[in-house]
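Reader: I am new to looking at protein models. Could you walk me through one, feature by feature?

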Amino acid sequence: MSFHECGGNVGDDVHIALPNWVMEIGKTNPDIFFTDREGRRNTECLTWGIDKERVLRGRTAVEVYFDYMRSFRVEFDEFFENEIISEIEVGLGPCGELRYPSYPAKHGWKYPGIGEFQCYDRYLMKSLKLAAEVRGHSFWGRGPDNAGSYNSQPHDAGFFCDGGEYDSYYGRFFLNWYSQSLVDHGDRVLALANLAFEGTCIAAKLSGIHWWYKTASHAAELTAGFYNPCNRDGYAKIAAMLKKHGAALNFTCVELRTLDQHEGFPEALADPEGLVWQVLNDAWDVNIPVASENALPCHDREGYNKILENAKPLNDPDGRHLSAFTYLRLSPCLMEKMHLLEFERFVKRMHGEAV
């Protein structure tokens with residue numbers, strides 16, 4: 001279920017905007033879209049600030065999502081009854097992923113920038129101010145003013161640098177609110193998805209934000225809504241929310257090797273292997289199915305071997321493994337003879353054949 005714009009991201013060669021009637025509402029009320037500190041709107045998806053606000057022709061955002069899902073279930077009833085459709089992945093944010101649109105290329109972001117917080121629409125700001133008042137510190141009802149810009153590095157920003165404000169009383173309050181708003185959005189939409197698709201498995205997708213993972217603050221994860229600094233597990237709460245709804249987790253970047261990232265962008269202090277291990281184990285610890293996909297085009301044996309390693313971890317005493325893997329994607333490059341032979345070998349090994 002796609003509740004987001006298609007286009008403008010890695011690998012996209014088409015553009016499909018949000019429905020015209022939504023964009024028309026956005027012309028008179030641009031606060032239905034995520035907004036950064038400079039006031040730039042992102043029309044990729046709707047802010048969860050309007051999940052419970054009747055600003056979409058008398059409906060809330062979650063009501064619109066539910067009506068769409070229910071309509072889809074009725075329209076394709078035959079495919080559900082015959083189990084041709086066996087699982088529904090529910091879009092929960094940009095690119096269908098449960099995250100804030102913190103690193104949009106359309107606003108000039110380039111890897112490995114830390115991204116920016118996306119909480120400056122009036123609905124999320126209202127929520128933040130209310131949370132600060134409830135806490136008894138109304139002056140905390142604001143976003144950080146020292147969090148840098150899209151292409152900053154953690155050490156350049158007072159909020160994210162070692163010993164920075166992210167770990168202050170205010171910083172912990174803000175990040176708790178910001179990340180909980182993300183989890184609450186997933187909670188609301190998945191609850192309605194279970195109503196719409198009763199009897200059919202549902203899944204949610206998380207993005208693998210692996211850059212700056214080897215720093216204390218994990219800045220790129222923080223701006224995306226994953227409160228996962230070095231002294232806190234930011235994915236356990238998401239896994240618990242998915243468990244509550246019986247939802248599977250789909251995670252990205254299982255093909256990436258940390259060594260390759262260090263060779264290409266040593267300054268990014270990335271650790272995709274560490275991130276994958278953390279997220280998969282958080283999900284497995286609460287006994288939810290875990291599926292995955294590659295984040296970038298993959299045609300080499302090293303990448304395929306990393307996928308196999310994550311799909312079926314060696315010597316796991318509990319025999320845990322991925323429930324499914326989506327390969328991205330069919331392309332002219334994949335069909336070249338050498339690439340196709342490597343892919344054939346990979347598929348056979350995924351099915352347990354010795355090659």
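Predicted model: local features only at pLDDT ≥ 70, side-chain atom pairs only at ≥ 80, totals over all residues.

**Reading the model step by step**

Reader: Where is glutamate 83 found, and what is its phi?

Author: Most residues other than glycine have a negative phi. Glutamate 83 has a positive phi of about 60°, although it is not a glycine. You will find glutamate 83 in the loop between helix H3 (77–81) and E3. Cysteine 95 is also not a glycine, and its phi is positive at about 60°. Cysteine 95 sits in the loop between E3 and H4 and is partly exposed, with a relative accessible area of 25%.

Reader: Which residues are joined by a cis peptide bond?

Author: The general idea is that most peptide bonds are trans. Here, a cis bond joins tyrosine 111 and proline 112, with omega about 5°. Proline 112 belongs to the loop between E3 and helix H4 (122–135). Another cis bond links leucine 328 to arginine 329, with omega about -5°. Arginine 329 lies in the loop between E7 and helix H11 (337–350).

Reader: Now a bigger feature. How many residues does the largest nonpolar core have?

Author: In soluble globular proteins, nonpolar side chains tend to be buried together. The largest nonpolar core in this model has 102 residues, and Leu46, Val90 and Phe174 have the most contacts inside it. Helix H5 (residues 169–196) supplies the largest share of this core, twelve residues.

Reader: What is valine 90 in contact with?

Author: Leaving aside neighbours within four places in sequence, the contacts of valine 90 include Met1, Phe3 and Met69, and also Val189, Leu190 and Ala193. Ile202, Ala203 and Ala204 are among its contacts too.

Reader: How do I read a helix such as H1? Which of its residues are buried, and which are exposed?

Author: In helix H1 (residues 20–28), Val22, Ile25 and Gly26 are buried. These buried residues fall within an arc of 105°, so they line one face of H1. Asn20, Lys27 and Thr28, on the other side of H1, are exposed. The cover over the buried residues of H1 includes strand E1 (33–35) and strand E2 (41–46).

Reader: And the sheet? In what order do its five strands come?

Author: Strands of a sheet pair through backbone hydrogen bonds, either parallel or antiparallel. In this model, five strands form an open sheet with parallel pairing, in the order E3-E4-E5-E6-E7. Strand E3 (87–89) and strand E7 (324–326) are the edge strands, each pairing on one side only. On average, neighbouring strands of this sheet are turned by 25° against each other, direction ignored.

Reader: How many bridges join E3 to E4?

Author: Three bridges join E3 to strand E4 (residues 201–206), and the two run parallel. For one of the partners, look at glutamate 87: its bridge partner in E4 is cysteine 201.

Methods. Residues numbered from 1 in each chain as written. Heavy atoms only, no water. Core = buried A, V, L, I, M, F, W, Y, C linked by side-chain atoms within 4.5 Å. Buried < 20%, exposed > 50% of the residue type's maximum accessible area, 1.4 Å probe, protein only. Helix = DSSP H or I, 4+ residues; strand = E, 2+ residues; numbered from the N terminus. Contact = heavy atoms within 4.5 Å. Arc of directions from axis to C-beta. Pairing = 2+ DSSP bridges. Axes fitted to C-alpha atoms, helices over the stretch in contact; angles between N-to-C directions.
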